[in-house]
There are 4 protein chains.
Amino acid sequence: MSTGVWLIGARGSVAVTGMIGALAVRAGLAEPTGCVLESPELRSEAVPGIGELVFGGHDISSIPLVKKAAALAEAGILPARLAGVVQDALLEIEQDVRPLPVHDTQAGVAEAIGADLDRFRRRHHLERVVVINVSTTEPAPPPHPAHTDLDALRAALDGPDPVLPPSALAAYAALCAGCPYVDFTPSTGARLPALDALARSQGLPYAGHDGKTGETLVKSVLAPMFALRNLKVRTWSGTNLLGGGDGANLAEPAANAAKCASKQRVLAETLGYVPQGATRIDFLEDLDDFKTAWDLITFEGFLGTRMRMEFTWQGCDSALAAPLLLDLARLTAAAHRAGRTGPLTELAFFFKDPLGQVSHALAEQWQMLRDALAAFDARITRR
Amino acid sequence: MSTGVWLIGARGSVAVTGMIGALAVRAGLAEPTGCVLESPELRSEAVPGIGELVFGGHDISSIPLVKKAAALAEAGILPARLAGVVQDALLEIEQDVRPLPVHDTQAGVAEAIGADLDRFRRRHHLERVVVINVSTTEPAPPPHPAHTDLDALRAALDGPDPVLPPSALAAYAALCAGCPYVDFTPSTGARLPALDALARSQGLPYAGHDGKTGETLVKSVLAPMFALRNLKVRTWSGTNLLGGGDGANLAEPAANAAKCASKQRVLAETLGYVPQGATRIDFLEDLDDFKTAWDLITFEGFLGTRMRMEFTWQGCDSALAAPLLLDLARLTAAAHRAGRTGPLTELAFFFKDPLGQVSHALAEQWQMLRDALAAFDARITRR
Amino acid sequence: MSTGVWLIGARGSVAVTGMIGALAVRAGLAEPTGCVLESPELRSEAVPGIGELVFGGHDISSIPLVKKAAALAEAGILPARLAGVVQDALLEIEQDVRPLPVHDTQAGVAEAIGADLDRFRRRHHLERVVVINVSTTEPAPPPHPAHTDLDALRAALDGPDPVLPPSALAAYAALCAGCPYVDFTPSTGARLPALDALARSQGLPYAGHDGKTGETLVKSVLAPMFALRNLKVRTWSGTNLLGGGDGANLAEPAANAAKCASKQRVLAETLGYVPQGATRIDFLEDLDDFKTAWDLITFEGFLGTRMRMEFTWQGCDSALAAPLLLDLARLTAAAHRAGRTGPLTELAFFFKDPLGQVSHALAEQWQMLRDALAAFDARITRR
Amino acid sequence: MSTGVWLIGARGSVAVTGMIGALAVRAGLAEPTGCVLESPELRSEAVPGIGELVFGGHDISSIPLVKKAAALAEAGILPARLAGVVQDALLEIEQDVRPLPVHDTQAGVAEAIGADLDRFRRRHHLERVVVINVSTTEPAPPPHPAHTDLDALRAALDGPDPVLPPSALAAYAALCAGCPYVDFTPSTGARLPALDALARSQGLPYAGHDGKTGETLVKSVLAPMFALRNLKVRTWSGTNLLGGGDGANLAEPAANAAKCASKQRVLAETLGYVPQGATRIDFLEDLDDFKTAWDLITFEGFLGTRMRMEFTWQGCDSALAAPLLLDLARLTAAAHRAGRTGPLTELAFFFKDPLGQVSHALAEQWQMLRDALAAFDARITRR
């Protein structure tokens, strides 16, 4: 039951950490720490094993995977030992990592992406290929009439002007090629009405947005705590300091705005009101992949007494994101196998800005996930 | 449906804050912030209103309630304005706060406590009286054969030597007098087998232990977060700095040990293993009721990458505990009304060291609570 | 030896806290905590006592001082008791707080300010009047040729267009009226070459900029620590969350930029290089005067080992600034009395952005201050 | 001008990091970051260069230096690259690291230590040898009459019972052999009156106690900050979490008490009063050499307003201590060369618990150090 994982941004830190991790787990060189699907309570027939994943992808960068692995080891994200051991396997994956196609029209680019996906599928005899966007965050695109209508979109893509941002074009190409699509970033991806229609007409599922790896993960348990205890949150302010490629990109105001909006949603929807305060993202190159977030929460208890909580989170972004990448590849493959189509709202557990009107409380999201796996298993067995 | 709330430690900060808060909410002078039962999802027929609670209790201290209220206002725990407004109502409650009875035998003390409870019930035509221990933490008592056998206990209480620590004697007296019992502290209370047998034979419920107000509350959402994400917690160390009467008492090594054990249970039972590290409690008189806790958590992600989280919690103990006191009085009254007997394991949401083998994850405890309320409602309607 | 203190922004939090504090210390109702000049090592003949200060000032607000005092007590900045006791004395000061004059030309405004200063001096038989700017932070003004030449400035002030920002116009008026001038804010104040020339020609001293009350105070001891230990600071990032009038004003980008630049100077000049990172100021209304700052410092030790330090500072801005206000009034009066003219570089201890090329290390600034007091004493005795 | 550095505890983390660091700096492979004497303001003729240091020592452990270096690299304390490069040089030092001598009497042990020192000096043609104790912290020894009288001590050392704790016996042996002695730990070392007399009679200097590397370093700048600003520190509580050999040893109550006392001295002597609160040290094996300290400081400003500051320090103990070890070896050699005898109170900058009644303020200690170097230079030139 080999499953292809086609990564948009295949030479980035998250992608390469995910590849090496999957290779290491398969070879028995590492524990699947951080892989949610390895919890005993989430065992499922429908889900492919980590060892059954086959990697490929697109990237605009041309840094060799082996060199990227060495850089990750140097930065302390990977054990130096591991980067060496998996070298041969990385060289093999290298065969399936291609430059992002260029063409006069976006329709042409989409077709070329589709051709790459087909070649990958045939070459490895894959049952299915899940396309996952792990490239850097885009600014929100300007609205366009073709975004809401699939026919209009098809027509517009043939024109000379770009209609879709890269993440949405990748989603379009994946869905046209019969591949489920996951957006691990806050970018547009598949969340345009025209693409939702395309997914449904193709009988394909899609998932997103924005992997929940650090500060927002903590928010998704602390905000329900205040809510369940009926304590009134007065202010919630967050500062995120991060380096790495993601940090540099988020220093751009437009991308920053997209990300910050994604991060605040959990508060309003969990508490039922919007406390004062904002989330900031600042680029601090020297921190590289080791992000530091500080949050100050002030709240009010019985008889108006003012209290406060602070937390500091110092996490390695790639080490937190990579196992979720593997989880999402496997889950989306299972959903596809089980015949699930449209937005995978049941995967909210993994996202800062989940699809649909769903709970942001981590514990409820976990139950949704467990139920979804049971449903996938049931459908597969029934067949 | 008037419900009596008899507080062991009625002149302490938590008790007096609870009384004033209930008076203020009844008079429309304060919101029931921090009162869990006021959440719309927990509406219940079985539960008496905050305004239906009538207060009394025992205390070894003789400080007048009005004076204690002034001290709380001075310390910033109560709005100064409020302490003035409720003065008359406090003077009335003062009539029902009595010195802890003394007698040659513990059986005699228990009888005198029972007499006080009866008088209180009759004087206010109360449907039931819930006894709640909010006095300072005791050290764990030395084991005694009479603790495990009700008949042996009854015989031993007639002897000249003390057999039960004060919290357990209060539980014994309450249960003998037909009153449900709640232990808001880590003290022994009703958790001896002989007292469990007494509760069951009397058809009474009891609850405990140790109100979950600060650091442990946060642990009960963060520990599940690490578990659900399959991240490995390597160390978890906590430092609690607190003043006030509770702090002074916890500076005693034996009481401190009882409290710290209560605080660590959540980690082992949620994670399934015991991370390195300990919880410390240090007395810092000057902080008074404003406790500060600092926790350092180090954890391991994918491929062994080391990460860390810190949090600081600066909470007012009385302001956090008092609304829970009201919740527990109301819930225990509802349980009694619904015919529930024995340990109220379904109230784990409120306790650091809950009765029974139950989940320590806050979200699961909340669902248990919601289910329990529904069950109480169902039983009452059926009658 | 009565000394007048004329406050630009006399109805603001810092000004009113300073007035009340001086009244309370004089009446023996409060300790002079936070008043640097009360340290035994800084005793000086030249310096007037706190009880010898007489207050007046300008403000565009018209909130009565007594009402402002009540608001400060309500916000927990002043003991409620104190606000009541000093009520009569505040009503007297109220006589000397006037609306900021208006006029067709800036020269006219300056003249009117001078007239107010004269009236104040005569009314109270004051030996001298120190003018201190504690109004809200201004953006940096656009450059103007008249800023560098006193004659050109005098000519331009007669014209219809404003040439000077309000803080500089106040400095001009004060110096023309024979009054030393202090800028407690990061605004322009007296730091234009034309105003420096005016001060020297008038034989007057002036001081500034931007009272060092919180995060920067801590920086001024931590940065030298890293420097003296030859540790390499790689990044230093600061987040300041503050409410109150100052916070609202600093939410304006231009004022924010002026303030942030003032806050970063200490690092570059103490370390000799500029670490990565920035200082942020975010408005968080609910915090009111209780500012919270969080700083993350990452540094490198022997053989490149990476380490880090974080601090959180939770201070009441007015309570930190007001005693410095009294210190600066007294010191500037002493400098004037001792015949000191031009920029008071020796007062760097008090400022985020001190005048002149001076050390930013707090310990060295303290020695400069002690030496300055000794010099003032020597000059006065000699006379 | 070769200078021997004889380390008691030569196979420990601090010692080996120091050796490797000196080798790396000499070879131009590393910057002398953290070496205080490399600051331009502290250039001195009297001080030997880092490259002129020759290492040897005693240890009860027999782990080879090369193996210890590999372990340090594995733990992230040393760059892996460096541990390889200096391998040959470490094998040479290995020749001069000997097991601690054993003998029937302490006099016999001292004599054997002296013989080892002589052999080391002759073998390398060293101008002088500085003995530095970097072994683990001892509990304070019980008082003994021989501690205060040199003749009594000499007599007692010939007896069968131990009179001196190991650190003091090492100091005795060093001084008898004509070597200056430095205690980098809080152990007894040379601070007994009998040993002070011995140092003076031998014309030798000695230094100590307890290298100031982390939390106390920060205290030595923050405590003066509060003092200079006349702010009243109400409470100061510290928690130190540390692993490594030092941590394991400090888990012993007696050693812990010695260390904690050393850490609190700075507050009382800088502030002039003792704030509430204590310093805790807890062993947390998993942190290894990366110590984490958290301090909470509450203080009072003008008119009694309560404020607070927290800091977290996450430092690598060996990386902080090793460069100070090199500084102290060089400084003590310079003092000896300049004819300085008795306690080196002028080196307080380096110690938590400095010899003599000296300032604990870091900035003043720095000036003392600069003055001392100037004095050494002057004496050497004069000769």
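Predicted model: local features only at pLDDT ≥ 70, side-chain atom pairs only at ≥ 80, totals over all residues.
Local features here need pLDDT of at least 70 and side-chain atom pairs count only at pLDDT 80 or more, while totals for chains, interfaces and linings use all residues. Residues are numbered from 1 along each chain, chains are lettered from A in the order written, and side-chain values use heavy atoms, without hydrogens and water.

Q: How much area do chain B and chain A bury between them?
A: Buried area is the accessible area (1.4 Å probe) that two parts lose on being put together, summed over both. Here that comes to about 4,600 Å², with 69% of it on carbon and sulfur atoms. On chain B's side, R229(B), F302(B) and L303(B) supply 21% of the area, more than any other three residues.

Q: How many salt bridges count between chain B and chain A?
A: You'd need a side-chain nitrogen of Lys or Arg within 4 Å of a carboxyl oxygen of Asp or Glu. The count is 0.

Q: Why are β10(A) and β10(B) called paired strands?
A: Strands (E, at least two residues) are DSSP runs, numbered from the N terminus. Two of them pair if DSSP finds at least two bridges between them. β10 (residues 306–316) of chain A and β10(B) have 7 bridges, in the antiparallel sense, so they meet the definition. Within this pairing, W313(A) stands opposite M309(B).

Notes
Helix = DSSP H or I, 4+ residues; strand = E, 2+ residues; numbered from the N terminus.
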